[in-house]
Amino acid sequence: MQTYSGTIIKQNFVDKGGRVHQDIFDLYLKTDQGKIFIKISEGHVKRDEILKYLDKEIVVKAKLISWGLWDSDDPNVQSRVGDYFIFYEINE
């Protein structure tokens with residue numbers, strides 16, 4: 001676990017047909033390293049708590065996972081993949 005700083009941003013879901021769904025979105029931490037997905041299901045910070053910091057600069061205690069499954073922990077299930085954060089604590 002390390003300390004990272006960045007801005008919480010959200011990105012609306014776009015389905016395979018290219019349609020944007022305003023009510024479905026993912027959260028990312030935008031850092032010097034780029035925009036990195038936040039995998040809420042593995043973290044200790046709930047989605048509602050993260051949303052309080054939307055578009056704000058924060059400092060988090062987190063673990064950065066290089067190249068893992070975003071949507072499922074089961075490798076037999078279709079999932080988006082890539083780098084992601086697991087949040088343990090948010091500090092302003």
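Modeller: A closed barrel of 5 strands runs β1-β2-β3-β5-β4, with mixed pairing. From one strand to the next the twist averages 50°, where axes are lines fitted to C-alpha atoms, for helices over the stretch in contact, and angles run from 0 to 180 degrees between N-to-C directions. This is a predicted model, in which local features need pLDDT of at least 70 and side-chain atom pairs count only at pLDDT 80 or more, while totals for chains, interfaces and linings use all residues. Residues are numbered from 1 along each chain as its sequence is written, and side-chain values use heavy atoms, with hydrogens and water left out.

Strands (E, at least two residues) and helices (H or I, at least four) are DSSP runs, numbered from the N terminus; two strands pair if DSSP finds at least two bridges between them. Strand β4 (residues 57-69) runs antiparallel to β1 (residues 2-14), joined by 6 bridges. In that pairing Val59 of β4 stands opposite Ser5. Strand β4 is also joined to β5 (residues 81-91), again antiparallel, by 9 bridges. Here Leu69 stands opposite Val81, and Ala62 has Phe87 of β5 as its bridge partner.

Val45 lies in the loop between β3 (34-38) and α1 (47-51). Leaving aside residues up to four places away in sequence, Val45 touches Ile40, Ile50, Phe87, Tyr88, Glu89 and Ile90, contact meaning heavy atoms within 4.5 Å. Val45 has a relative accessible area of 9% and is therefore buried (under 20%; exposed is over 50%, partly exposed in between, with a 1.4 Å probe and protein chains only).
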